Amino acid sequence: MPLYLLAILALVQGITEFLPISSSGHLDLTWIAFHGAGVVPAEIDPRRELVLDVAVHVGTLGAVCLYYWRDLLAMLTGLARAVIGRRDPGAKLALLVVLATLPVVVVGWLVKDWLPLLKGNLELIGWTTLGFGLLLWLADRIGMTVRRMEHLRFSDALVLGLAQTLALIPGTSRSGITMTAGRLLGMERSDAARISLLMSIPTIAAAGLLAGVEMEKMGSATLSSDAMLAGGLAFGSALVAIAVMMAWLRRASFLPFVIYRVIVGGGILYLVYSGTLASWGWDAGL
């Protein structure tokens with residue numbers, strides 16, 4: 001693919017992956033715009049799109065691992081100490097992340113055959129972007145700010161994990177719905193974001209592993225180099241986005257992200273229901 005298209009994909013993914021605004025929805029919108037504008041060949045193998053999507057996700061995985069390397073190190077050393085019978089907060093955090101990941105693994109496996117049918121559905125993306133954005137606003141308004149990471153129980157991790165399964169629906173936002181759940185559990189904003197980002201690590205890693213298997217089957221050197229370039233660009237943009245978001249949430253609310261989601265979701269629904277997209281010859285996925 002042309003370099004500028006790879007750069008756009010990488011920037012979209014890197015900036016939106018950890019912000020509560022839905023990276024999958026933005027990636028779907030980006031591909032729809034590419035196809036609608038005719039800048040992507042119609043005959044492109046859909047599997048290439050999938051692998052490039054996951055490649056930029058892997059780039060963001062590297063960013064979150066670098067940003068939270070202290071937490072990752074604490075989890076690994078904590079598990080090692082737990083093996084020899086020592087209690088350690090790092091081991092508890094690791095178990096919380098694992099427990100919060102299990103629901104999306106199970107549900108994702110059960111519905112894997114239906115998920116491709118939802119991809120690229122603009123009407124669905126519009127409603128989920130708008131609806132879950134308003135839910136984030138409500139949770140941020142009514143949620144107390146009295147709990148930190150060390151206060152999380154295993155039952156809380158299960159709640160966060162069940163919330164994360166909703167992110168299988170395009171436009172929901174994995175980070176957005178888990179931060180929403182965290183705020184409803186009374187977590188401080190920065191801590192809700194922190195556990196959300198840590199939960200992303202095993203989820204994205206699993207998706208990256210599947211993409212690696214797919215790339216091996218396709219045996220495309222060009223695709224591999226494209227994926228590596230896109231992943232590298234996504235890494236840099238994601239690292240900046242994480243730092244900016246965490247700095248913001250330490251002193252302010254989720255309101256800017258909610259406003260953005262309302263504007264984008266409302267705009268998508270207007271384009272769909274007004275027939276504007278149809279007049280452009282674009283498929284809204286209805």
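Select Tyr68 to begin: with a relative accessibility of 7%, Tyr68 counts as buried, because buried means under 20% relative accessible area, exposed over 50%, and partly exposed in between (1.4 Å probe, protein chains only). This is a predicted model, in which local features need pLDDT of at least 70 and side-chain atom pairs count only at pLDDT 80 or more, while totals for chains, interfaces and linings use all residues. Residues are numbered from 1 along each chain as its sequence is written, and side-chain values use heavy atoms, with hydrogens and water left out.

**Aromatic rings**

The structure holds three aromatic pairs. Rings of Phe, Tyr and Trp (its six-membered ring) pair if their centres lie within 6.5 Å; planes under 30 degrees apart count as stacked, over 60 as edge-to-face and the rest as tilted. Tyr67 and Tyr68 form an edge-to-face pair, 5.0 Å centre to centre with 80 degrees between the planes. Next select Phe254 and Phe257, whose ring centres are 6.4 Å apart and whose planes are at 55 degrees, so this pair is tilted. Phe254 and Phe257 are both buried.

Now go to Trp109. Lys112 lies over the face of Trp109, 3.8 Å from the ring centre. A charge sits over a ring if NZ of Lys or CZ of Arg is within 6 Å of the ring centre and within 35 degrees of the ring normal.

**Two serines in loops**

Select Ser22, in the loop between helix 1 (3-16) and helix 2 (23-37). Helices (H or I, at least four residues) and strands (E, at least two) are DSSP runs, numbered from the N terminus. Ser22 has a positive phi of about 80 degrees, although Ser22 is not a glycine. Ser22 is buried, because its relative accessible area is 1%.

Move on to Ser173, in the loop between helix 8 (154-165) and helix 9 (174-184). Its phi is positive too, at about 85 degrees, and Ser173 is not a glycine. Is Ser173 buried or exposed? Ser173 is buried, with a relative accessible area of 2%.

Thr178 lies in helix 9 and counts as buried at 1% relative accessibility. A polar atom of the Thr178 side chain lies 2.8 Å from the backbone oxygen of Arg174. The side chain of Thr178 also reaches the backbone oxygen of Ser175, at 3.1 Å.

Select Glu123 in helix 7 (residues 122-142). Glu123 is partly exposed, with a relative accessible area of 23%. A polar contact (a pair of N or O atoms within 3.5 Å; within protein, one must be able to donate a hydrogen and the other to accept it, and residues adjacent in sequence count only if both atoms are side-chain atoms) of 2.3 Å joins the side chains of Glu123 and Tyr273. From Glu123 to Ile142 is 19 residues in sequence and 29 Å in space, C-alpha to C-alpha.

**The largest pocket**

Helix 10 gives the largest share of the lining, ten residues.
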